[in-house]
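Let's take a walk through this one, starting with some strands and ending with a pair of helices. Have the viewer open and follow along.

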Amino acid sequence: MEMTFRWFGSKFDSVTLNQIRQIPGVKGVITTLYETVPGEEWKKEEIKALKKEVEEAGLKISGIESVNVCDAIKVGAPDRDKYIENYIRTLTYLGEEDIHTVCYNFMPVFDWTRTELARERKDGSTVMAYTQAAVDKINPDDMFNSLKEDCNGFVLPGWEPERMAQVKELFELYKDVDADKLFDNLVYFLNAIMPVCDKYDINMAIHPDDPAWSVFGLSRIITNKEQLLKLINTVDNVHNGITFCTGSYGTSLNNDIVDTIHALKGRIHFAHVRNLKFITPDNFEEAAHLSSDGDFDMYEIMKALYDTGFDGIMRPDHGRMIWGEKAMPGYGLYDRALGAMYLQGLWEAIEKSSKR
Ligand SMILES: [Mn+2]
């Protein structure tokens, strides 16, 4: 297991590479070219420059999160092959720079959805939260505006203002894309990119839909064990793998996280490990990573990863905002650093006790 830390680039992140480097055990970052538009081919020089910046700070690029998949590919538009070609060239450049893990998602219109970005907890920390009742009340067009004030001036991944200005058009684009069609389009995309992934040993790692159910009537296809098994069996190549995000699968209390990790043995390339606290089954908030602060047994989650031989990259996921930090919601330094240490502590204990 390799512990890493997500970093959005010096132009977008309040956290610096030097700070990340001081978190014990963290040697690599998960990053991206944040300004690229989905569908666009990444520029080789920009990848090289990013790599150089990270390496000069004494770190390395452990993986990319994300190379986003554009809507033409997701809806299966007539011109999708052109965009798949761009994606393949991007993967080629990443492979040439010795980058071997790429996270992506196949969610229509909205990336992850939260209804509050700064819910205050008893201890004064703030966390992102989700209430189905709030989603049911809101018009999707207003979703972005309702969150904007709480962004602390940062651009949220998947919620870029240019994209959110076109929400109506996006809904129109997806209106005939049911779950079967979306799945077929995902398979078409994966089959097209597997040769380049084989050539450069790139592990594609799909991020689950968050929350793990349909929001605003849009199709969701990566939400549970059955769907994941269907995906890895349909494109049965080790490079077609999973980002196991506990805070996303865990949004549905019907999902057995530990059992799902066992079922996906060998195909989890990237792990996002975080905890949730449920107020009711459809009202939850993002807790600290510590088991007792939320509803997940983090020891059992880490043990399942260990027992299935997980040797990929891991990162703490969304953290609380604490100690007066002003950062992108979910992506401050302090609580994620605490998370990284806690998860490494669990891992060390599991590893040592299993070798006794
Ligand atoms: Mn995640």
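Which residue in β3 is the bridge partner of Val-29? Look across from Val-29 and you land on Ile-61. Keep in mind that this is a predicted model.

β2 and strand β3, which covers residues 60–65, run in the parallel sense and are joined over four bridges. To get from β2 to β3, the chain goes through helix α2, residues 44–56. Trace that β-α-β crossover and you'll find that it is right-handed.

For a landmark here, find Thr-4, which sits opposite Gly-28 of β2.

Now jump along the chain to the helices. Two packed helices are described by the angle between their axes and the distance between the axes. Helix α13 (residues 298–307) and helix α14 (residues 334–355) have axes that come within 10 Å and cross at roughly 60 degrees. That angle is why α13 counts as oblique to α14. The crossing of α13 past α14 is right-handed.

So who's touching whom? On the α13 side, the contact uses Met-298, Tyr-299, Met-302, Lys-303 and Tyr-306. From α14 come Leu-343, Leu-346, Trp-347, Ile-350 and Glu-351. Sort the residues of this α13–α14 contact by class and you get eight nonpolar, two charged and no polar ones.

Notes. Residues are numbered from 1 along each chain as its sequence is written. This is a predicted model: local features need pLDDT of at least 70, side-chain atom pairs count only at pLDDT 80 or more; totals for chains, interfaces and linings use all residues. Axes are lines fitted to C-alpha atoms, for helices over the stretch in contact, and angles run from 0 to 180 degrees between N-to-C directions. Helices (H or I, at least four residues) and strands (E, at least two) are DSSP runs, numbered from the N terminus. Angles under 35 degrees count as roughly parallel, over 145 as roughly antiparallel, 65 to 115 as roughly perpendicular and the rest as oblique. A crossing is left-handed if the near helix is turned anticlockwise from the far one by less than a right angle, and right-handed if clockwise. Two residues are in contact if their C-beta atoms, placed from the backbone, lie within 7 Å. Ala, Val, Leu, Ile, Met, Phe, Trp, Tyr, Cys and Pro count as nonpolar, Asp, Glu, Lys and Arg as charged, and the others, Gly among them, as polar. Two strands pair if DSSP finds at least two bridges between them. A crossover is right-handed if, with the strands pointing away from the viewer, the path from the first strand over the helix to the second runs clockwise.
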